[in-house]
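Colleague: I'd like to learn how to read the side-chain features in a model like this one. Could you take me through them one at a time?

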Amino acid sequence: MRNLIVLIFASCAACGTASGADLDMHPPTPMIPAPLYTWSGFYFGANAGFGWELTTDTSTLNAAGPALFRDTQAANANGIIGGGQMGINYQNGYWVEGLEGDFQGSSQRAAHSFTCPGGACSALAIPATINQDLNWFGTVRTRLGFAPLERVLLYATGGLAYGQLASTSTLPGTVRASNVNPGWTAGAGIEAFVAENWTVRVEYLYLDFSRVSDTFSSSVASTGGATLDNVSSTHLTDNIVRVGVNYKFNWWIIPKY
């Protein structure tokens, strides 16, 4: 009986040794962490917002060269904007660099009304209005961002702006003028992931389209007999706030440790 007990204990010890050896040779498989959000990749999306525009227009009435009347006025033009954007980002640690382009439609319109008094331009007083419509604009910008949280990006942005300003004069005989003017833009925003590939953002941009000049030749006779020309020189700036949504493709994914 004693020999049987010794044999059982010896067998158990051998089993324990074998099990320990097996555990040493086959360590447990490490847990694989869940994929982390990254800003690297190509994206596209849509946006909508509001713009408040400031035009500073100087209108001159000329007749065969000399200026007969001049008036300068600043006007505000508020309106709805909307469009789309596309771009690409590269994330390195907390920092995100990117390039983005967008194109916007706009309902912003400004007007400059003035009256040349009788005897200055013609025998009678001559009222006129310059109407100016910012029909569309776009930007091409670099972005530099900081991601303090995995799903949140704070960024500054700036670059080239361009837009179409269409102008008309109410003087008889004039025709519509349209210009595509270059300029610059700068702004900032905040963007956040709301799902694996979807982000939303709020963004502010300041845009300066420099100076736009147009000459409207009318059929109105001046005091000297020559017809009047309405020369308009406008400096156009714009402020916009917009909300956007983007879909991001998972390209250029750089693992984070």
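Predicted model: local features only at pLDDT ≥ 70, side-chain atom pairs only at ≥ 80, totals over all residues.

Colleague: Where is Ser40 found? And is Ser40 buried or exposed?

Modeller: Ser40 is in the loop between helix 1 (2–25) and strand 1 (41–63). Ser40 counts as buried because its relative accessibility is 0%.

Colleague: Which side chains does the side chain of Thr139 make polar contacts with?

Modeller: The side chain of Thr139 has a polar contact with the side chain of Asp102 at 2.2 Å. A polar contact of 2.8 Å also joins the side chains of Thr139 and Arg141. Thr139 is found in strand 4, and Thr139 is buried, with a relative accessible area of 1%.

Colleague: On to charges, then. How many salt bridges are there?

Modeller: The idea is a side-chain nitrogen of Lys or Arg within 4 Å of a carboxyl oxygen of Asp or Glu. By that rule the count comes to 10 salt bridges. Take Glu191 and Arg143, whose side chains meet in a salt bridge at 3.2 Å, N to O. That pair links distant parts of the chain, with Glu191 in strand 6 (residues 177–193) and Arg143 in strand 4 (residues 126–149), 48 residues apart.

Colleague: Are Glu191 and Arg143 buried or exposed?

Modeller: Glu191 counts as buried, at 3% relative accessibility. Arg143 counts as buried too, at 5%.

Colleague: Which other salt bridge does Glu191 take part in?

Modeller: The side chains of Arg201 and Glu191 meet in a salt bridge at 3.5 Å, N to O. Arg201 lies in strand 7 (residues 198–221) and Glu191 in strand 6, so this pair ties together parts that are 10 residues apart in sequence. Arg201 also forms a salt bridge with Glu203, the closest N and O atoms being 3.7 Å apart. Both Glu203 and Arg201 are buried.

Colleague: Which residues are linked in a network of salt bridges?

Modeller: The network of salt bridges links Glu100, Asp102, Arg141, Arg143, Glu191, Arg201, Glu203 and Arg242.

Colleague: Rings next, please. How many aromatic pairs are there?

Modeller: A pair of aromatic rings is described by the distance of the centres and the angle of the planes. In this model the count comes to 14 aromatic pairs. For Trp198 and Tyr247, the ring centres are 5.0 Å apart and the planes are at 65°, so the pair is edge-to-face. Trp198 lies in strand 7 and Tyr247 in strand 8 (residues 227–248), so the pair ties together parts that are 49 residues apart in sequence.

Colleague: How accessible are Trp198 and Tyr247?

Modeller: Trp198 counts as partly exposed, at 41% relative accessibility. Tyr247 is partly exposed, with a relative accessible area of 25%. Look around them as well: Phe42, Phe44, Trp198, Tyr247 and Phe249 form one aromatic cluster.

Colleague: What makes up the nonpolar surface patch?

Modeller: Phe50, Trp52, Ile80, Leu154, Ile190, Val202, Tyr204, Val241 and Val243 make a nonpolar surface patch of about 760 Å². Strand 1, strand 7 and strand 8 each supply at least two residues of the patch. Leu154, one of the patch residues, is found in strand 5 (residues 152–169). Leu154 counts as partly exposed, at 40% relative accessibility.

Definitions and conventions. Residues numbered from 1 in each chain as written. Heavy atoms only, no water. Helix = DSSP H or I, 4+ residues; strand = E, 2+ residues; numbered from the N terminus. Buried < 20%, exposed > 50% of the residue type's maximum accessible area, 1.4 Å probe, protein only. Phe/Tyr/Trp six-rings, centres within 6.5 Å; stacked < 30°, edge-to-face > 60°. Patch = residues over 30% accessible without salt bridge, like charges linked within 9 Å, V, L, I, M, F, W, Y side chains within 5 Å. Areas by Shrake-Rupley, 256 points an atom, 1.4 Å probe, with all protein chains shown as cover. Polar contact = N/O pair within 3.5 Å; in protein donor to acceptor, adjacent residues only side chain to side chain.
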